[in-house]
Amino acid sequence: MLGMDAGQPDPATDTALPDRNLLMSLAFRLLGSTHDAEDVVQETYARWYAMPESARTEITSPTAWLVKVAGRIGLDHLSSARVRRERYPGEWLPEPLPDSAVWTSVLPSRLAEDPADRVALDDSISMGMLVMLESLTPAQRVTFVLHDVFKVPFAEIATIVGRSTESCRALAVAARRGIGSTRRSEAHPLEYARVVKEFKRACRTGRLDCLAELLDPRVVSRADGGGRARAALRPIHGADRTARYLVGVFRRESHLAVTLENAGRRPALVCRADGVVRGVVSLHVVRGRITDVWLTLNPEKLASWP
C-alpha cells in the first residue's frame with residue numbers, strides 16, 4: 001500500500017487499514033475504474049497518515065473519517081476524469097468486474113447483514129448501472145452512491161460535496177430519476193441468462209437472423225479499445241448494423257475461447273486467448289430484447305480478470 005517509515009503506524013495494528021476493501025468498494029462505484037479507485041484509496045490513507053498520531057487517536061470512527069475523505073477525493077477525481085475522457089481514443093466504458101474481485105461486495109458492518117443493502121450493492125456494479133452513473137454530474141454521483149448504496153446520511157454528504165443537506169436530497173432525487181427506469185426495466189435474472197446464452201450462440205454461429213431477433217430495434221453497441229485494441233470508435237445504432245458488426249467481430253476473432261461468466265454480477269461473454277482475457281461483452285436486457293451491447297477490449301480494463 002503506502003511506503004511506511006519508522007515514524008508511521010504499524011500496519012498490523014493500525015485500525016484504519018482493515019477498511020481498505022470498503023474504500024475500494026466505494027471508490028470504484030464513484031469512478032468506474034479500478035486504477036482510479038486505487039488512486040483515491042492511496043490518497044485517502046496518505047491523508048490519514050499525514051495527521052499526527054494524537055489527532056488520529058481522537059477520531060472516534062476511523063471508518064467514517066476515511067469514507068468521508070474518500071468521497072471528497074472521489075469528487076475531485078470525477079471532475080478531472082471528465083476532462084481526461086474527452087481525450088480518450090474512442091468510447092470510454094466503465095470496467096466490467098469479475099465476481100472474484102472480493103472488495104466489490106464490502107459494505108460497512110452495520111449494513112452487511114441486510115439483504116436489501118446487499119442487492120443494492122450488487123446492482124451498483126452492473127455495467128448498466130455504471131454506464132448510467134456516468135451520465136450524472138459529479139455531485140449527483142457522489143451523493144447517490146454515498147446515500148443510496150452506502151447509506152451515508154445527507155448531513156455528512158453535505159460536508160463532502162460542499163452543499164446544504166436539502167441540496168443533497170435534491171441531488172439524490174435527480175440521480176434516482178435518471179437511474180430508476182433502468183433498474184425497473186431490466187429483465188428477470190432467468191430471462192437475462194437465457195438471452196445471453198442465445199446471444200453467444202448467435203454470435204459464434206454467425207446467424208444474423210437469430211442475432212437480429214434478440215436485438216431491440218434501437219439497440220446501441222459501444223466498444224472500448226482505449227487505443228490499445230481494435231474497436232469501433234463510435235457507437236453503432238440499430239439491430240441490423242449491430243448484428244453485422246458483432247458477427248464480423250466474432251468471425252475475425254474466431255480463435256478466442258468464449259465462456260459465460262459473471263461481470264458486475266450479470267452474465268456476460270468472456271473472451272480468452274491462451275488463457276488471457278482479451279475482451280468482455282456485457283449486455284443490457286429489457287423485456288427479452290438486448291438494448292445495449294458493451295465490448296470492453298482495452299487490456300488495462302481487464303487486469304482484474306484471472
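Guide: Before we look around, one definition: helices are DSSP runs of H or I with at least four residues, strands are runs of E with at least two, and both are numbered from the N terminus. Please also keep in mind that this is a predicted model.

Visitor: OK, how many helices and strands does the protein come to?

Guide: The secondary structure comes to twelve helices and six strands.

Visitor: And what radius of gyration does it have, next to a compact globule?

Guide: The protein has a radius of gyration of 21 Å, and this agrees with the value near 19 Å that a compact globule of 306 residues would have. Taken along the principal axes, the box filled by the C-alpha atoms is roughly 70 × 45 × 40 Å.

Visitor: What percentage of the residues count as buried?

Guide: Of the 306 residues, 52% count as buried. As for the accessible surface, it comes to about 14,300 Å², and carbon and sulfur atoms account for 52% of that area.

Visitor: Let's zoom in on a loop. Where is Lys 151 found?

Guide: Lys 151 sits in the loop that runs between α7 (138-149) and α8 (154-161), and its phi is positive, at about 60°, although it is not a glycine. Most residues other than glycine have a negative phi.

Visitor: Which other residue has a positive phi without being glycine, and where does it lie?

Guide: Arg 287 is one, with a phi near 50°, and it lies in the loop between β5 and β6 (289-296).

Visitor: Are those two buried or exposed?

Guide: Lys 151 counts as partly exposed, at 32% relative accessibility, whereas Arg 287 counts as exposed because its value is 72% and the cut-off for exposed is over 50%.

Visitor: Now a helix. What does Leu 130 touch?

Guide: Leu 130 lies in helix α6 (residues 127-134), and, not counting residues up to four places away in sequence, it touches Phe 28, Pro 94, Glu 95, Ser 124, Ile 125 and Arg 141. Leu 130 and Pro 94 are 36 residues apart in sequence, yet from C-alpha to C-alpha the distance is 6.4 Å. At 0% relative accessibility, Leu 130 counts as buried.

Visitor: And why does Asp 19 count as buried?

Guide: Asp 19 has 11% relative accessibility, and buried means under 20%, so it counts as buried. It is found in the segment before α1 (20-31), and, leaving aside its neighbours within four places in sequence, it is in contact with Tyr 45, Thr 63 and Leu 66.

Visitor: Changing topic: how many disulfides are there in the whole structure?

Guide: A search of the whole structure finds zero. A disulfide is a covalent bond between the sulfur atoms of two cysteines.

Terms used: Residues numbered from 1 in each chain as written. Predicted model: local features only at pLDDT ≥ 70, side-chain atom pairs only at ≥ 80, totals over all residues. Heavy atoms only, no water. Disulfide = S-S within 2.5 Å. Rg over C-alpha atoms; globule rule 2.2 N^0.38 Å. Buried < 20%, exposed > 50% of the residue type's maximum accessible area, 1.4 Å probe, protein only. Areas by Shrake-Rupley, 256 points an atom, 1.4 Å probe, with all protein chains shown as cover. Contact = heavy atoms within 4.5 Å.
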